[in-house]
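Hello,

Here is the structure for your files. My notes on it follow below.

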Amino acid sequence: MNAQIVVDIALGLILVGLAAQVALGRHLFRSIVFYVAFGLAMAVIWARLGAADLALADAAIGAGLTGALMMVAFRRLVGIDPEQAQAQMTRHSHVAVAVAALTAGLVATVGLAALTMARAPESAGMQVLARLEETGLGNPVTGVLLVFRGFDTLIEMAVLLTAFVGSRVMTQRSRLNVTTISGFELPLVRTLVAVILPLAVLIAMHLLWIGADQPGGAFQAGAVLAGSGVLLLLTGTLLPAPRSNAMARLALVAGVAALSLLVLVPLSQGRPPLAFLGKGSLLFAEAAMMVSVAVSLTLLFAGAPALKAGRQ
Amino acid sequence: MNPAVLLVGLVFIPLVAALVAVILPVRFRRPVALLGALAWPLLLVPLSIAVARDQTLTLVFGGWTPPLGIGWRLDALGLVLLWVHALAGIAALPGAWHRFGPKVVAAAPFWPLWLILSTGVNAALLAADLFNLYVSLELTTLAAVALIATDDGIAALTAAMRYLLLGVLGSLMYVLGVGLVYAQTGSLAMDQADAAAIRDVALVLMLTGLMVKAAIFPLHVWLPHAYGNAPGPVAAIMSAVVGKVALVALWRIWFQTAADPPDLLADLLGLVGAVAIVYGALAAYMQPRLKMVIAWSSISQFGFLMLLLPLASQTAFQGAGFHLLAHGLAKAAMFLAAANIVTVLGSDSIRHLPGLDKRMPLEAFTLALGGVTLIGLPPSGGFTGKWMLLTAAWEQQGWFWLVLIALSGLMSAAYVFRILALTCFHPARRAVHELHARPPKITSLAALLLALLAVIIGLYPHPALELLGRGLPGGAS
Amino acid sequence: MSGEVVFVLAAAAIFGLGVHGLLTAGHIMRKLLALNLMLSAVFLLLIVVPARIDGLPDPVPQALVLTGIVIAVSTTAFALALMVRLFRRQGHAAIHPDVDPRMLGHVTGRTSAGPQEEHDRGSGSR
């Protein structure tokens with residue numbers, strides 16, 4: 001018990017330290033790098049708390065992809081105007097420090113009070129565990145995401161689609177810029193692609209498959225695929241394409257479309273919307289969601305409507 | 001058939017149309033969006049009949065009864081706002097159709113986003129679940145921000161950015177509040193089984209988050225620039241429903257989730273509304289641009305809607321709900337007219353307004369009719385709403401609120417008459433600028449019809465009032 | 001003192017650091033970083049505060065946070081695209097409450113949703 005609390009305090013201190021580097025660091029790029037480290041520390045804390053699904057998701061999405069998106073956006077700024085891109089523009093103020101300290105104090109007070117308050121004897125989470133059997137799933141988080149609160153997930157996928165379509169408002173007005181890492185020797189690229197890509201696909205499929213019963217699922221799998229998409233873009237194996245194509249657009253809407261089917265098909269059978277259609281339907285929806293997550297995030301990174309093959 | 005099943009169409013017709021629009025090539029997107037945007041309002045006819053009969057319609061996803069699953073709920077308030085959404089959306093279509101033709105760069109994302117905005121608004125209006133409300137509002141905000149950015153000007157992009165950043169701040173406060181509610185009660189349903197357990201902190205967090213999204217003073221800073229710089233049709237639909245969705249959510253959380261919120265908080269929020277009414281009207285009076293005047297007027301008019309919290313009676317609810325209806329229609333009409341003025345004059349600086357009544361009589365008339373509703377002159381819908389609020393204040397002997405509502409009409413009159421006087425009576429009624437090509441007449445007529453409607457509902461207020469008479473306060477959730 | 005207390009305090013500190021970043025940052029990307037920190041703090045509270053069931057976190061908040069993480073990355077990606085565009089148009093990465101010069105003074109032309117830049121047309125249909 002004592003060792004546990006020491007570990008917890010150490011984890012908490014590391015997390016706060018990294019957050020301080022992000023928020024207070026002088027150089028923007030350095031802050032972004034620390035943000036990635038912060039995301040990884042979050043993942044460790046999720047694992048410590050027993051939230052394995054969140055650990056996987058935060059490592060892949062929160063740290064990895066958010067970091068990659070921020071870095072590539074920073075690069076784009078530097079490409080436009082290096083001086084302004086890195087301009088400090090930070091106003092130091094005692095008022096801000098006071099407000100921040102006050103807010104932190106309030107959040108701490110509220111959080112600590114909430115830890116000790118009386119709780120309802122019955123919660124939705126207990127009901128989930130009690131009725132998970134009816135779905136044949138082993139992972140309660142997957143049960144909540146796809147069955148009990150599947151409509152939230154549908155809107156969430158629509159948010160991802162909207163982020164892509166909305167970003168096209170801006171990116172279609174700018175020239176595509178290819179952000180490859182220069183200096184990659186061709187053999188190395190080949191090796192990377194040959195080893196990492198099949199491995200990533202394998203991991204993604206594994207995460208998708210086990211998601212029903214163990215930590216994992218469409219988001220984690222999609223994020224792993226998006227990560228390898230980013231890698232392929234960086235090595236120049238894939239390149240941003242100026243024009244969209246039907247494949248890319250189908251992949252973008254696949255997740256929302258599949259979840260919409262899950263909502264609408266039961267209606268035709270006279271059942272409530274999103275009534276449970278069996279485990280097979282969930283795997284179908286998760287596969288479609290994985291594709292959409294992977295393609296949307298990769299294209300958001302590329303700032304392009306589609307991809308094409310680059311050097312081989 | 002259970003009419004509640006029709007609710008699915010309100011969200012899934014625009015959503016599926018958006019998916020189809022994304023898949024199809026650019027030239028097909030506009031017609032698909034038109035079909036989608038015209039199709040879902042048809043459902044409002046049978047739904048209105050059903051709500052008039054049964055008062056509320058409920059639907060539970062997958063048959064998993066809350067708190068396990070997610071529920072939808074359509075009540076009179078939601079129905080009123082759905083009508084505003086439908087009417088303002090249809091009236092905005094001609095202008096959007098004209099402006100975002102297939103040759104325009106922004107048209108490709110515009111039409112899917114337009115449909116997604118409707119999806120998000122309708123989903124948020126139906127949500128009976130605190131977290132589902134959050135995801136629906138996020139969808140709405142993201143689509144709205146992207147639509148504002150379709151005007152590529154620096155002002156519009158800046159406004160979009162500020163709206164987005166504040167929106168994220170608001171939603172993270174809201175989510176923290178929702179998390180605290182769940183920790184206390186183990187449920188995310190909007191009408192909680194154990195409402196007494198909701199702590200004030202969670203309530204304040206949720207309300208603050210929603211006040212940012214609804215642009216309630218002093219958290220309004222994103223609104224004027226966002227509405228003032230968005231393309232006309234976008235400003236119209238946003239002013240008609242997007243802010244109001246968050247406000248309706250705020251009312252619901254106040255009266256249904258919290259059930260018995262502290263009086264002090266009610267008075268405080270009413271006071272915030274009072275300051276908003278005065279401050280918004282003063283700022284509107286001083287704006288140099290027509291669209292900014294209309295946008296700031298929203299801050300002032302939203303202040304009224306906060307008065308429901310301290311007044312908290314059935315009459316006040318009827319008044320506030322009716323105000324929502326009349327204001328939504330009038331505001332959308334005025335933004336559509338302003339959009340045409342910008343198109344023709346190349347600017348909406350009020351210095352260019354003199355003589356407008358000669359050159360663009362339909363637009364000038366629309367602005368005048370909309371202004372009448374904003375001031376609350378009889379027989380407009382704005383009058384009915386304010387009169388009911390006044391009655392509610394009288395019944396409760398809330399003299400402060402009474403004087404405030406009465407004075408606010410004068411303040412609205414100041415900024416409305418400033419515009420009208422410049423337009424119609426300014427001595428320098430000369431053309432100081434060249435005129436650009438006129439948008440098709442149907443865009444002017446659509447705006448005018450909407451403004452007329454805002455007046456007509458004042459002549460026939462009974463159906464809406466009767467529906468609203470069975471709504472929110474009084475704990476009848 | 002239990003682990004929960006430690007993590008609540010950490011979340012509060014991170015939230016405060018985010019508030020500080022939000023208030024002092026001029027650069028839009030710094031504001032985004034600050035907001036993401038605050039979101040992480042909120043997510044941490046969402047998991048730590050509710051009662052654990054059989055020694056594991058309640059599955060419902062876990063699902064909510066997973067949804068929140070995906071929404072956060074979507075919003076961030078969109079905001080970054082908006083930031084890059086704003087940077088290209090105005091030449092710096094701060095938010096200024098300015099008035100569109102097109103709308104005031106001399107009439108320079110109608111606002112249009114059409115292309116306004118030299119290379120705008122080059123990049124395809126979507």
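Which residues is Phe61(B) in contact with, leaving aside its neighbours within four places in sequence? They are Phe151(A), Val263(A), Pro273(A), Leu274(A), Ile70(B) and Trp72(B). Contact here means heavy atoms within 4.5 Å.

First, the ground rules. This is a predicted model, where local features need pLDDT of at least 70 and side-chain atom pairs count only at pLDDT 80 or more, while totals for chains, interfaces and linings use all residues. Residues are numbered from 1 along each chain as its sequence is written, chains are lettered from A and ligands numbered from 1 in the order in which they are written, and side-chain values use heavy atoms, with hydrogens and water left out.

Back to Phe61(B). It lies in the loop between strand S1 (57-60) and strand S2 (71-74) of chain B. Helices (H or I, at least four residues) and strands (E, at least two) are DSSP runs, numbered from the N terminus. Phe61(B) is buried, at 1% relative accessible area. The cut-offs are under 20% for buried, over 50% for exposed and partly exposed in between (1.4 Å probe, protein chains only).

Next, chains B and C. The contact involves 55 residues of chain B and 50 residues of chain C. About 4,600 Å² is buried between them, 73% of it from carbon and sulfur atoms. Buried area is the accessible area (1.4 Å probe) that two parts lose on being put together, summed over both. Asp152(B), Met161(B) and Leu172(B) supply 13% of what chain B buries against chain C, more than any other three residues.

There are 2 salt bridges between chain B and chain C. A salt bridge puts a side-chain nitrogen of Lys or Arg within 4 Å of a carboxyl oxygen of Asp or Glu. Asp152(B) and Arg89(C) form one through their side chains (3.4 Å, N to O).

Last, chains C and A. Here 80 residues from chain C meet 98 residues from chain A. The two chains bury about 7,900 Å² between them, with 76% on carbon and sulfur atoms. Helix H1 (3-24), helix H2 (28-48) and helix H3 (59-90) of chain C each supply at least two residues of the side of chain C that touches chain A. H3(C) gives the largest share of that side, 24 residues.

Best wishes
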